[in-house]
Amino acid sequence: MIRVGFLYIILLILVTVASFGWLFIRNHNFDDPYNGDVDISGTLEGMVTSTPPGFISKYAVIKDKEEINAEQFDGSTYAAIMVNNDTRECLVAHNAHERIYPASMTKLMTGIVVCDAIESGELSMDEVVTLDHDISFQESLAVQSSLYKGCKISIRNMLTALMLSSYNDYAIILAERVAGSVDAFAEKMNEKARSIGATNTHFSNPHGLDALDHYTTAFDLYLIVNEASKYEILHEIDEMSDYTYSWEDSTGNTWEDTATATNYFITGSQSLPSNITIGTWKTGTTGGAGNCLTMNVMINEGNYTMMVSDSISKEDLYSKYGIMFNLAN
């Protein structure tokens, strides 16, 4: 009897420990958003809801499926978010945790990884890279430079034109220089995303052209653009409306190009209220993502992060920003 009682006690202890262990793992591990195929059709109905990341104290917290001031965004907008960075109050949340295509907003993370390599001494802004192969894209909307195999260009010129004019071939060249291949660079992007809490994001390329395994969320972009704002190199680029630079072709001739900002607020194509100053930003346009813009802004000395992925047009995209500006005021 004593032996049976002792074995019963041991069994009870093991069951108790196992139960607590299961609960600990359950509450400290989030669903893996990288598992399985993701079907994103480019329509509101085709979006896939994912589990939001855990609480990050210095950022706003938005519950899964929570909608805040979303009435004017529903129907024409894939996703939108607006956060007061000073108070961490969310003023707009629409599909904030649903997967969307990031388009060229992807290049914020591309720029972050390149800047990390620069800051670590792995490469220099003044380093000149020689293209060892031609680069082409099948997508009709894929913007690229005039460079081809044998051309030479500096890291500074590529990074600046990448962030301003969104040249997709520069994203490929920079990725291969930093990591040796696009796939290896994409893994660095994903590692960085996870490290800042953007756990519902997965990058498969550095340029942002649509791919099923290339996705993010409005909330994750909020984290990414705030991370990008910490880099002085990117901040200096985002202050430019245009940038004239040179490159050398395979025969030694020097050519000039002017990269122009794709943000209409920066170029003046869209009027910006006098009480608003733009900080870090990135636009994007693809068939799946629609027309996108994310940026940090100062409004009446308050710091805000905004993102809109619009399904209709660039005009409608910028009108949605007008709604957000009014909410801040």
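Mentor: Axes here are lines fitted to C-alpha atoms, for helices over the stretch in contact, and angles run from 0 to 180 degrees between N-to-C directions. Helices (H or I, at least four residues) and strands (E, at least two) are DSSP runs, numbered from the N terminus. The model is predicted, with local features requiring pLDDT of at least 70 and side-chain atom pairs pLDDT 80 or more, while totals for chains, interfaces and linings use all residues. Residues are numbered from 1 along each chain as its sequence is written, and side-chain values use heavy atoms, without hydrogens or water.

Start with helix α3 (residues 155–165) and helix α4 (residues 168–179), whose axes come within 9 Å and cross at roughly 135°. The two are therefore oblique to each other (under 35 degrees is roughly parallel, over 145 roughly antiparallel, 65 to 115 roughly perpendicular, the rest oblique). Their crossing is left-handed (the near helix is turned anticlockwise from the far one by less than a right angle). On the α3 side, the contact (heavy atoms within 4.5 Å) is made by I155, N157, M158, L159, A161 and L162, and on the α4 side by Y170, A171, I173, L174 and R177. These residues divide into 9 nonpolar, 1 polar and 1 charged (Ala, Val, Leu, Ile, Met, Phe, Trp, Tyr, Cys and Pro are nonpolar, Asp, Glu, Lys and Arg charged, the others, Gly among them, polar).

Helix α4 also meets helix α5 (residues 182–195): their axes come within 8 Å and cross at roughly 85°.

Next comes helix α6 (residues 218–228). Since 11 of its 11 residues are buried, α6 is largely enclosed by the rest of the structure (buried is under 20% relative accessible area, with a 1.4 Å probe and protein chains only). Among the buried residues of α6 are D220, N226 and E227, along with F219, L221 and Y222.

As for the strands, an open sheet of 5 is ordered β2-β1-β9-β8-β7 with antiparallel pairing (strands pair if DSSP finds at least two bridges between them). Strands β2 (89–94) and β7 (276–286) stand at the edges with a single partner each, so one side of each has no neighbour in the sheet.

Methods
Buried means under 20% relative accessible area, exposed over 50%, partly exposed in between (1.4 Å probe, protein chains only).
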